[in-house]
Amino acid sequence: MQILSVQSSVAYGHVGNSAAVFPLQRLGHEVWPVFTVHFSNHTGYGAWRGPLLDPADVREVIVGIEERGVLPSVDAVLSGYQGSPRSPT
């Protein structure tokens, strides 16, 4: 199974792509992680640092995957924390 996973990434802890990618790979799935934020830790800790990625930057990563011609082979899209309510340009 090919999975496009559009979620957060954290350096400390396990949420978003930081939690999803490894177990899915261990189950034998191909996972293409696209990060929406890259924070120091889960926001539930009360304080965090790191960038909230611009929606246009997230879109560029997905466009790059599309340009490889592989998006039609995606079996599932897993989405999580998007970070910004703005629409991509």
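Which strands do the buried residues of H1 pack against? They pack against strand S1 (2-12), strand S2 (30-41) and strand S3 (76-79).

## Basis of the model

This is a predicted model, in which local features need pLDDT of at least 70 and side-chain atom pairs count only at pLDDT 80 or more, while totals for chains, interfaces and linings use all residues. Residues are numbered from 1 along each chain as its sequence is written, and side-chain values use heavy atoms, with hydrogens and water left out.

Helices (H or I, at least four residues) and strands (E, at least two) are DSSP runs, numbered from the N terminus.

## The sheet

Three strands form an open sheet. Their order is S2-S1-S3, and the pairing is parallel. Strands pair if DSSP finds at least two bridges between them. S2 and S3 stand at the edges, each with a single partner strand, so one side of each has no neighbour in the sheet. From one strand to the next, the twist averages 25 degrees.

Nine bridges join S1 to S2. Gln7 stands opposite Phe35 in S2.

## Helices on the sheet

H1 lies across S1, S2 and S3 and runs at about 130 degrees to S1. Axes are lines fitted to C-alpha atoms, for helices over the stretch in contact, and angles run from 0 to 180 degrees between N-to-C directions. Helix H2 (residues 55-67) also packs on the sheet. H2 touches S1 and S2, and its direction makes about 165 degrees with that of S2.

H1 spans residues 17-26. Asn17, Ala20, Val21 and Leu24 are buried there (under 20% relative accessible area; exposed is over 50%, partly exposed in between; 1.4 Å probe, protein chains only). These residues cover an arc of only 95 degrees around the axis, which puts them on the same side of H1. The arc is that of the directions from the helix axis to the C-beta atoms. The face turned away carries the exposed residues Phe22 and Arg26. Just after H1, Gly28 takes a positive phi of about 95 degrees.

## Ser8 in S1

Ser8 is found in strand S1. At 8% relative accessibility, Ser8 counts as buried. Beyond its neighbours within four places in sequence, its contacts include Asn17, Phe35 and Tyr81 (heavy atoms within 4.5 Å).

## Aromatic rings

The whole structure holds three aromatic pairs (ring centres of Phe, Tyr and Trp, its six-membered ring, within 6.5 Å; planes under 30 degrees apart are stacked, over 60 edge-to-face, the rest tilted). The rings of Tyr12 and Tyr45 have centres 5.7 Å apart and planes at 50 degrees, so this pair is tilted. Tyr12 is in strand S1 and Tyr45 in the loop between S2 and H2, 33 residues apart. Both Tyr12 and Tyr45 are exposed.
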